[in-house]
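Student: I have a structure to read and some questions about it. Can we work through them one at a time?

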Amino acid sequence: MRGHDWINSMLPDELILEIFRNLDSKSSRDACSLVCRRWLTLERFSRDTIRIGASGSPDALVDLLARRFPNVTNVYIDERLSVSLPVDFGRRRNPSHSALSWLRLHFVSERSEPGASESDSYCISDAGLTAVADGFMKLEKLSLIWCSNATSAGLRSVAEKCRFLKSLDLQGCYVGDQGLVAIGKCCRQLEILNLRFCEGLTDTGLVELALGCGNTLKWLGVAACAKITDISLEAVGSHCSSLETLSLDSEFVHNKGVLAVAKGCSLLKNLSLQCINVTDEALTAVGVFCLSLESLALYSFQRFTDKSLCAIGKGCKKLKSLMLSDCYFLSDKGLEAVAAGCLELAHLEVNGCHNIGTYGLESIGRSCMRLTELALLYCQKVGDEALSEVGKGCKYLEALHLVDCSIIGDEAIYSIAMGCRNLKRLHIRRCYEVGSKGIIAVGENCKYLTDLSIRFCDRVGDEALVAIGKGCPSLRHLNVSGCHQIGDNGIIAIARGCPQLSYLDVSVLQNLRDMALAEVGEGCPLLKDIVLSHCRQITDVGLSHLVKRCKLLESCHMVYCPGITAAGVATVISTCTNMKKVLIEKAKVSERTQRRAGSVISYLCVDL
């Protein structure tokens, strides 16, 4: 105990608090709080964030936490999550007294009002929000995720007492206009507001908030709010001149609202739109007035044409990220305009835009030399020539995602491998023209590759993984699900050449045998997640060799593996002490295994 005495006698409170603030995990902070009473007290004062899930009596739990952690500035309450009962730190406990007190706390809701439903007992109410307001006077960030019992009355309490609030997330809360009006009047430093799925709000609430604290608002998200219309966005455009991010998903917003935002929020940097009634007129205004725009995402637009993208390319010279999803009337002409005008473009995703083809992507490859990430999903008109130009011009490309691009093949992947030597992530799914030649080129040229996913690419064989094993020693994530030509030799090469591998998906590989699993166990000691489902030749023997060496394993999926029995499942459970999830058929779990590790076992439903 001499070292303990030296620490407490020599180090002042300020220094210990600074040490606590630099601990990177909650478990480390909790461990330090158990050292002595002084450290417990200091750790409580240093904690600035708490997260609360659904519990037996959330209102009482909030009140308790407020008394224990007076300096908290960030509170996250998410009723989609469950939490375990807290431990009564800080004093010696009589086991019977402590347990009973917490059981009373956990089940106090069972004695609630006769009209209350069982689900209501697990939801924070206005009383809980009042406890938040009373206990966390320094609150800066508050997230109330799907807190269905919270109303305007509770939000008003928060507004009146938490005047330093800067961030408010009300996703899924049925709060009304009065609560939002109170936030606008009292929280004059508010910068971030998320109103996704707030069905109780109307234009009145958002307009009043914009009038009250619009000059500080920088981030606004609105989705599935049927009663918020152009009137709200006109108020945002008039009073939120500092707005930098707008995420809007609404069937009830038209050009008028987006035009008002474009003209009034000239500092806008990030814009995400999913509004089926918005047309070229609104997006053209964005290109004219929002010259600082850096990120643009457009979803499911049936009325946008190339005219819109031409305006973006002409005006938004700082654009770095562009996401186009299901915009059927955009073509190569619009993408060419973006390529010509937005030379700083670093991220591009094209998803289901059927009229964008090879020529548009060739323009990107010739002009956007700073491109670091490219995603092409369901692009049936993009061919090898497009990626050849990307390979020639985009030397800094680090991530490439291809899904259902039917005419992209080996030549495209070869060009990327030869030109983009800094490639770190390559994801390919159902691109049936891609074979071993392209992946071999990646293995020979992209030595920094850390993440490789080639799912259901029937032409990729063992020789491709042999090249990856030899040339990509930093590989951490590998998914070869459904690549039927891959067998033992390919996986063995990975096991011997990629010692940092932490995730492996070999599901639906019919030629994979126990020898490959034994090699993975021998060569990949850092493996945490493995998917073996539908591997018909894997047995308990291979599984035993795998888990004997992979002590860090946390998840194992092994459904529809006829060679794996209840004994193999028991071996996994007994050997892997860090296991968090095992997915298996119920018939293969013995009663003893169920008793021992029922909490980590998930069953595949086969009774339907």
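What follows is a short exchange about one glycine and some salt bridges in this predicted model.

Student: Where does glycine 383 lie?
Tutor: Look at the elements on either side. Strand E12 covers 373–377, and helix H17 covers 384–393. Glycine 383 sits between them, in the loop.

Student: Is glycine 383 buried or exposed?
Tutor: Check its relative accessible area, which is 3%. Buried means under 20%. So glycine 383 is buried.

Student: What separates the C-alpha atoms of glycine 383 and glycine 409?
Tutor: Along the chain, the two glycines are 26 residues apart.

Student: Glutamate 362 and arginine 366 meet in a salt bridge. About how many helical turns separate them?
Tutor: Their N to O distance is 3.9 Å. Both residues are in helix H16, which spans residues 358–367. They are 4 residues apart there, so the separation is about one helical turn.

Student: Is arginine 366 buried, partly exposed or exposed?
Tutor: Its relative accessibility is 43%. Exposed means over 50%, and buried means under 20%. The value falls in between, so arginine 366 counts as partly exposed.

Student: Which helices does the pair of glutamate 389 and arginine 366 tie together?
Tutor: The side chains of glutamate 389 and arginine 366 meet in a salt bridge, at 3.9 Å from N to O. The two residues are 23 residues apart in sequence.

Student: Which residues are linked in a network of salt bridges?
Tutor: Arginine 366 meets glutamate 362. Arginine 366 also meets glutamate 389. The linked residues are Glu362, Arg366 and Glu389.

Student: Glutamate 519 forms a salt bridge with arginine 496. How far apart are the closest N and O atoms?
Tutor: Glutamate 519 is in helix H22 and arginine 496 is in helix H21, so the pair ties together parts 23 residues apart in sequence. Glutamate 519 counts as buried, at 17%. Arginine 496 counts as exposed, at 62%. The closest N and O atoms are apart by 2.9 Å.

Definitions and conventions. Residues numbered from 1 in each chain as written. Predicted model: local features only at pLDDT ≥ 70, side-chain atom pairs only at ≥ 80, totals over all residues. Heavy atoms only, no water. Buried < 20%, exposed > 50% of the residue type's maximum accessible area, 1.4 Å probe, protein only. Salt bridge = Lys/Arg side-chain N within 4 Å of Asp/Glu carboxyl O.
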